[in-house]
Amino acid sequence: METLIKGGGLRIAAVAGMLFPALALSACNHPPGKQGDVDLIATLPDGVDVESLAFVLSGNGAAPRAGALHLSKAEQPIEKLITGVPGGDDYALGLDAKSVDGQFACSGDATAISVRQGAVTRVHVALACVNENGGNIVINVGVVACTGGHLVNYTVSPLTASVGDKIAVTATTLKADAGVLTYEWSAPSGAFANPSSAQTTYQCEAAGHVTISLRVTGSSCAEDQSVDVDCVAPSKDAETD
């Protein structure tokens, strides 16, 4: 199975064994070769624990995939692999949870998600939590003390690509009042079509494990995020075609 670990200043270790079956409606009449997977990573604000997290993946004319992740103990982050998703663009993910102590209602979303056949798309969603008693919003802070929390969520697809092929990377602004953000994509090898764009592509230039890094800078703070991808040598069959 393809894997990817979010890192940098906000490095997240993938949680092994935390993949629960989706309580979902299956999309019908889509041959297996036209499907891909969505690897959901959800993070909660510090100090907020939940026992379950509900999700809905919808869009692209496919039947919605809905389910719940049940946690036996506080986990950070929460991971779910949603398999057999028909390939296409414009999917959206919605997440909802209630804190164990009943004080916080948490939610988050990601839009414009693209799924490619035979590939895994990683989607990171940072949930914001509202204290239902006092109305205070709680959200994790970025690397350099971003007041109000994360500046962006991100998607990456696919997680594995052949040398010469491209990987789509997209950063989506989380806050309507975030102001003007600047983006800086970087990697130790390979190249970006536009390293200063929120949405661009990365091209593998050599076989190996590559960490793609993103720094997002706002008016008074910045945050770092990173994703690990695998670049593989083209198959012999592809070389002889």
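Tutor: Ground rule: a disulfide is a pair of cysteine sulfur atoms within 2.5 Å. This is a predicted model, where local features need pLDDT of at least 70 and side-chain atom pairs pLDDT 80 or more, while totals for chains, interfaces and linings use all residues. Residues are numbered from 1 along each chain as its sequence is written, and side-chain values use heavy atoms, without hydrogens and water.

Student: How many disulfides by this rule?
Tutor: Two. A disulfide joins Cys204 to Cys231, with S to S at 2.1 Å. Cys106 and Cys129 also form a disulfide, their sulfur atoms 2.0 Å apart.

Student: Is the Cys204 and Cys231 disulfide left-handed or right-handed?
Tutor: Left-handed, because the torsion about its S-S bond is about -70°. Cys204 sits in the loop between strand S15 (199-203) and S16, and Cys231 in strand S17, so the pair ties together parts 27 residues apart in sequence. Strands here are DSSP runs (E, at least two residues), numbered from the N terminus.

Student: And what is the torsion for Cys106 and Cys129?
Tutor: About 110°, so that disulfide is right-handed. Cys106 lies in strand S6 and Cys129 in strand S8 (residues 128-131), so parts 23 residues apart in sequence are tied together.

Student: New topic: Ser99. Where is its place?
Tutor: Ser99 is in strand S5 (residues 88-99). Ser99 is buried, at a relative accessible area of 5%.

Student: Which residues does Ser99 contact, leaving aside neighbours within four places in sequence?
Tutor: Val48, Asp49, Val50 and Phe104. Contact means heavy atoms within 4.5 Å. The side chain of Ser99 also reaches the backbone nitrogen of Phe104 at 2.9 Å and the backbone nitrogen of Gln103 at 3.2 Å.

Student: Last one: what volume does the largest cavity have?
Tutor: About 50 Å³. A cavity is a set of points on a 1 Å grid over the protein atoms alone where a 1.4 Å probe fits but cannot get out; lining residues have an atom within 4 Å of a point. Volume is the space filled by probe spheres set on the points, which are joined across faces, edges and corners.

Student: Which residues line the largest cavity?
Tutor: Among them are Tyr154, Trp185, Ile212 and Gln225. Strand S10 (152-157), strand S16 (208-217) and strand S17 (222-232) each give two or more residues to the lining.

Definitions and conventions:
1 Å grid on protein atoms, 1.4 Å probe; cavity = no way out; pocket = protein on both sides within 12 Å on 5 of 7 lines; lining within 4 Å. Helix = DSSP H or I, 4+ residues; strand = E, 2+ residues; numbered from the N terminus. Buried < 20%, exposed > 50% of the residue type's maximum accessible area, 1.4 Å probe, protein only. Polar contact = N/O pair within 3.5 Å; in protein donor to acceptor, adjacent residues only side chain to side chain.
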